[in-house]
Amino acid sequence: MSTALPSIVITGASGFIGRYFMDFIKDQYTVIAIARRSAKEANIADHPNIHWIQWDISNASQIKEITTYIQRKGGADFLLHLAAFYDFSYSDDIAYQRTNIEGTKNIIEVARILKIKRFLFSSSLAACNFPRSGETIGEKTPVEANYAYAQTKKAGEAMLLELSKDIPATVIRFAAVFSDWCEYPPLYKFLGTWLSNGYDSRILGGKGNSAVPYIHIHDLARLVLTILQNSHVLPSFDVYAASPDGSTSHRELFGIATKDFFGTQVKPLFIPRILAYPGIAIRILLGKLKITAPPFERFWMLKYLDLKLDTDASYTRKALKWEPLTRLHINRRLLFILAKMKSNPMEWQMRNEAALKHISVRTNLLIYELLISEKERLLSTIAASILSDRNTDVMTHYQQLEISELSLLLHTLYNVLASTILNADRSLM
């Protein structure tokens, strides 16, 4: 009987969700982790079941190298595609096309080469339009929101539907994912404002009814694991909602947070939309003048004032026999989040600021990729320079080496230099 563990490729492994899920399953699965950061940069501890690949998935030229490495490790049974670019500025950043579209195409090609058993794709409930009052969104709701991130998720879901003709594919639409440390940027920013002594600490836009569904990272991990474990009986294509039913409003969160933090109920000050526009403009100006910190709020957010992204995830619960745990609902877990904030403020800030950063291009990866693509040309030029008569006095030892020895030495040094840049670790040299 084989004792080999099932294996899974996880893209975006250095991100908040990827890190948690990798830790959640590392004793049950062999994990091939793919990320633009090195394991050292991401503070990933060594584990015998985790194999790390540093790769920008938008770079198609490395697909053969990546798949060959994975095949040598025994191949892969599943692929969980988490890697994606998102920026709260809602600008049409080129990274949306590079990472979310081209990157997804490349990962699908990896899946085809590896002949995996199921491809899991992370989408978002926020990519759906907000429903009309009294209505809900769900697994069958079309992805039609009109902003860059949503459009890339729509394209991704379409790619997965096409892929499912050859490889079983599952789309998982995430609610707002949080942990006991928060790690969901909007909530982190809201709490920082509401629990401060600032002039805006009591302000809520509209009537405070803006609402989205939240899911705890542990519930999300349980859902993904359930899909993996039941993959053999699931349809060749389906869409699931990683979410509780309904949604949670800013007013609810404000009430829970301020009462716990200040020990008494705080009455919010509601600002109508017509006043919110100049308010944000003034805050942006003050931020640019460095009088105050730049605001998190953006003009596009006003479009969603008092709208509720109410969700009905009953199909997912029935199909997977899974449901979020009551004790992990945001209304209950917010007290644990606040406890972490008060007991360990430095780690709280470090974790949440890390979740805010969205780097579209990692310079060290670009340099590494160029070094690899130009490797033979550069090594040939370097070798010719070393063996040149003009360098006889300073390169005597190298010129006395056999050509094969010199070539091996140069290749070794070159590879170590490239790895040093890739991993941002000078100790390798």
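Select β2: six of its six residues are buried (under 20% relative accessible area; exposed is over 50% and partly exposed in between, with a 1.4 Å probe and protein chains only), so β2 is largely enclosed by the rest of the structure. Strands (E, at least two residues) and helices (H or I, at least four residues) are DSSP runs, numbered from the N terminus. What you see is a predicted model, in which local features need pLDDT of at least 70 and side-chain atom pairs count only at pLDDT 80 or more, while totals for chains, interfaces and linings use all residues. Residues are numbered from 1 along each chain as its sequence is written, and side-chain values use heavy atoms, with hydrogens and water left out.

Show the side chains of β2. T30, I32 and I34 point one way, V31, A33 and A35 point the other way, and all are buried. In a regular strand the side chains alternate between the two faces of the sheet.

One place to look is S7, whose bridge partner in β2 is T30.

Now select the whole sheet. Seven strands make up this open, parallel sheet, in the order β3-β2-β1-β4-β5-β6-β11. β3 (50-54) and β11 (237-242) are at the edges with a single partner strand each, so one side of each has no neighbour in the sheet. From one strand to the next, the twist averages 20°.

Strand β6 (residues 169-174) pairs with β11 in the parallel sense over six bridges, and V171 stands opposite V239 in β11.

Two helices come next. Helix α2 (residues 63-72) lies across β1 (7-11), β2 (30-35) and β3, and runs at about 170° to β3. Helix α6 (residues 217-229) lies across β1, β4 (78-81), β5 (118-124), β6 and β11, at about 170° to β6. Axes are lines fitted to C-alpha atoms, for helices over the stretch in contact, and angles run from 0 to 180 degrees between N-to-C directions.

Select S122, which is in strand β5. Is S122 buried or exposed? S122 is buried, with a relative accessible area of 5%. A polar atom of its side chain lies 3.0 Å from the backbone oxygen of H81. Leaving aside neighbours within four places in sequence, S122 is in contact (heavy atoms within 4.5 Å) with H81, L82, K153, I172 and F174.

Move to helix α3 (residues 94-114) and helix α4 (residues 148-163). They pack at an angle of about 15°, with their axes 9 Å apart. They are therefore roughly parallel to each other, because angles under 35 degrees count as roughly parallel, over 145 as roughly antiparallel, 65 to 115 as roughly perpendicular and the rest as oblique. Residues making the contact include Y96, N100 and I101 of α3 and A148, Y149 and T152 of α4.

Select E183, in the loop between β7 (176-178) and α5 (185-194). With 12% relative accessibility, E183 counts as buried. What does E183 touch, not counting residues up to four places away in sequence? The residues are F16, V177, R351, N352 and A355. The C-alpha atoms of E183 and A355 are separated by 5.8 Å, although these residues are 172 residues apart along the chain.

Finally, zoom out. The chain has 15 helices and 13 strands, and 48% of its 429 residues count as buried.

Key. Two strands pair if DSSP finds at least two bridges between them. A polar contact is a pair of N or O atoms within 3.5 Å; within protein, one must be able to donate a hydrogen and the other to accept it, and residues adjacent in sequence count only if both atoms are side-chain atoms.
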